[in-house]
Amino acid sequence: MKNTGFFTKEWAAIFKNKKVLVSICAVALIPLLYSSMFLWAFWDPYGKLNELPVAVVNMDKGANFEGKDLHVGDEFVDKIKESKDFKWDFVSQEKAIQGMDDNKYYMTVVVPENFSEKATKVLDEHPTASDLTYIPNESLNFLSSQIGATAVEKMKEKLSKNLTKSYAEAMFESINKVSDGLTQAADGSLQLKDGSIKIKDGIVQVDKNLLKINEGTLTLKDGVTQIYNGLGDLNKGASRLQNEGTSVVASGAGQLADAQKQLSAEGANKIQSGLNDLKSGSADLSDNLGLMEQLAGQKTNELLQLPQEVNKINNGAKMLQAGVNELAKNTPQLEAGSKAVADGLSQLAQLNPQLAELPQFKQLKKAAEDVANGNELLNKGVNGKEPTSLVNGTNGLANGSDQLKATVDEKINKSSMDALMGTIQEFQQGATKLSNGIAQAAAGQNEFVKNFNTFGQKLNELSAGAKQVDGKMNELISGSAKLKDGTSQVSGGVDQLTDGTNQLRTEGTEKLDKGADTLVEGQTELTDKLKEAADKTGDIKADDSNYNMFAEPVKVTEEKRGPVPNYGTGFAPYFVSLGLFVGALMLTIVFPIKNPVTPPKSAFGWFLSKFSSMLLVGTVQAILVDAILLYGLKIEVQNVGYFFLFSLITSWVFMAILQFLVTAFSDAGRFIAIILLILQLTTSAGTFPLELIPTPLQKFNALVPMTYSVSGYKAVISSGNYSQMWHSALVLGCTIVAFGLLTYAVLAISFKKHYSNLPGNREESVTA
């Protein structure tokens, strides 16, 4: 009761002194003003960003992308015009610079003139990103520059998303075009395949024709050889006929003429014997002439057929040359087409690296490159400059057949054969005359004696005819020798033709046939792969959802733990603790912390009156602060009752600390309290995380009471972690008890020193 009476006297004295009462009431409002004003000012600064002036300078000149006009800068300006993030001011570069100098703008966003152009360089070998220049006016306000940097980063993300979406649209459109191109390429490849099959069939036909030509040249060579051998036999027969026939006849006729007189002297018997010999020789001559005429007629017909056979060979060579030249015209187109397909697939791979990594696409690309290389080898084999190329080989064959035809036409013709036959016929006529003369001589044998002079004349005619036949035989031998030389040249040309056709078959058509097989197989695979690729790319159907997926493949899903709706709620633990500490500090200035109203009866009564008075003021301060936060600023807490309870504990611990400092050290205690306040502001982790403050200051974190008040407020306001709150409350409660005991000890010492020996009670006025 004594202690309660002392508390009553304490407050009665306060109410009597209006100055102290007003001061205490004002001090009770300090935490309210301190915390509420700070929190109100910082409650939601981002909610008024639309009043923060920001200059925007758009210098973009635009560009052309995939045949479309691209104005990224204008699109960016249109987007931010729709947003209310800042108070946008769209000005020229000069006005923006002047506004920054005049502190009119907190920041400037500049879109450079090549902004769109750089956005179109995404497929270049070394593309560069478009630059969005952000110029903060940090000297005007540093925090605004940080806020602006965050906002510009969000603008960049939105702009990048729109650009990526445009790229995706262009890419999917290109894939559709590629699909159409692959379908056309597959159709073209199928046509190339059909053409290759026809080429292969043509090569097989050419090979068959070359085989026939080769067989014909062998037959022709055999015929030419027979003609050559027959002409040799003809030449030998003519020489033999000349040596054993016409010369003998001429010599015999001369001998008969010379022996005319002897014949007439020797008698009819000798004449008859000579005529019989002459008749036998004429018979042999007639037989030989018949054989020679028959042989010449037979060989002449065979030789006259030779130009026709050679002409067939020449026509076949010309047809072969025309077919190969047509093939030579198509092979460059085939090579160019296959290379175009391979190049198109390479461009598709550059445009879409993801498609390029598909195994099917790699096989398709490899098959296209193999076909292109095979077509290049085929073109070289057909149109190459080497002597063994198909064009050069067929040209050489055609030239050789032309030379053979010219030689045969020159050496073997009807006029030369007619001349030879005329010579033989003249020779046969002479032989006929000889035979007739011998017959006449035999018929006139009985008149030999009477007509011996006539017989001498006939012998002279016989001698002249024999000499004429002997002269014609020389022409026959010379002509047959020339004809034999001509057939020898024809035989050499036939050998060259045979070698050329064999070489063309072994080095030309066989290789072409193998190359054609490889080409058909490659084009079959190419056609299948192109159809497969066309089907797969054709199945790709894109819409806005696909474009958006490319533009924003990853979305961040924020799942807040202990969500904090605004800056005010986040800073409330810090500013409420700060306000309550400042309120306790201000109370030590207007309220007599140590001096009693009347001489105390006991040290405990003295302590209790002062301690309870400060706790009462602390209670009022805590209730006012919490009420304004809850019902004025509408702060949301996890538990209202715990919020009030923890505020009371926080206020009381600061009152207990300040009471001890001022009771023990008077004004020096207030100085120590200010040092403690500064230390708490920097180490309590109320603003930045503990790990971000300097390491030496981190050591004080666990030693200052505001660390636990901030931690407890975070638990009761945001996280709902009540175990954390009760732990903090326990630490603060122990602190209250500890500093209360220290204060009691100081007052006990002071009571013993000043009041223990005083008799009775003495009324003292309250000092300010």
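Is Ser 577 buried or exposed? Ser 577 is buried, with a relative accessible area of 0%; here buried means under 20% relative accessible area, exposed over 50% and partly exposed in between, for a 1.4 Å probe and protein chains only. The structure is a predicted model, in which local features need pLDDT of at least 70 and side-chain atom pairs count only at pLDDT 80 or more, while totals for chains, interfaces and linings use all residues. Residues are numbered from 1 along each chain as its sequence is written, and side-chain values use heavy atoms, with hydrogens and water left out.

Ser 577 sits in helix α15, which covers residues 567-590. Helices are DSSP runs of H or I with at least four residues, numbered from the N terminus. Leaving aside residues up to four places away in sequence, Ser 577 touches Ala 572, Phe 654, Met 706, Ser 709, Val 710 and Tyr 713. A contact means heavy atoms within 4.5 Å.

The next topic is aromatic rings. Rings of Phe, Tyr and Trp (its six-membered ring) pair if their centres lie within 6.5 Å; planes under 30 degrees apart count as stacked, over 60 as edge-to-face and the rest as tilted. By this rule there are 17 aromatic pairs. One of them joins Phe 86 and Trp 88 edge-to-face, at 5.4 Å centre to centre and 75 degrees between the planes. Both Phe 86 and Trp 88 are buried.

Phe 604 and Tyr 744 also form an edge-to-face pair, with 6.1 Å centre to centre and 70 degrees between the planes. Phe 604 lies in helix α16 (residues 603-631) and Tyr 744 in helix α21 (residues 722-754), so this pair ties together parts that are 140 residues apart in sequence. Phe 604 is partly exposed, at 39% relative accessible area, and Tyr 744 is partly exposed, at 31%. Ring pairs link Phe 604, Phe 607, Phe 611 and Tyr 744 into a cluster.

Note on methods. Helix = DSSP H or I, 4+ residues; strand = E, 2+ residues; numbered from the N terminus.
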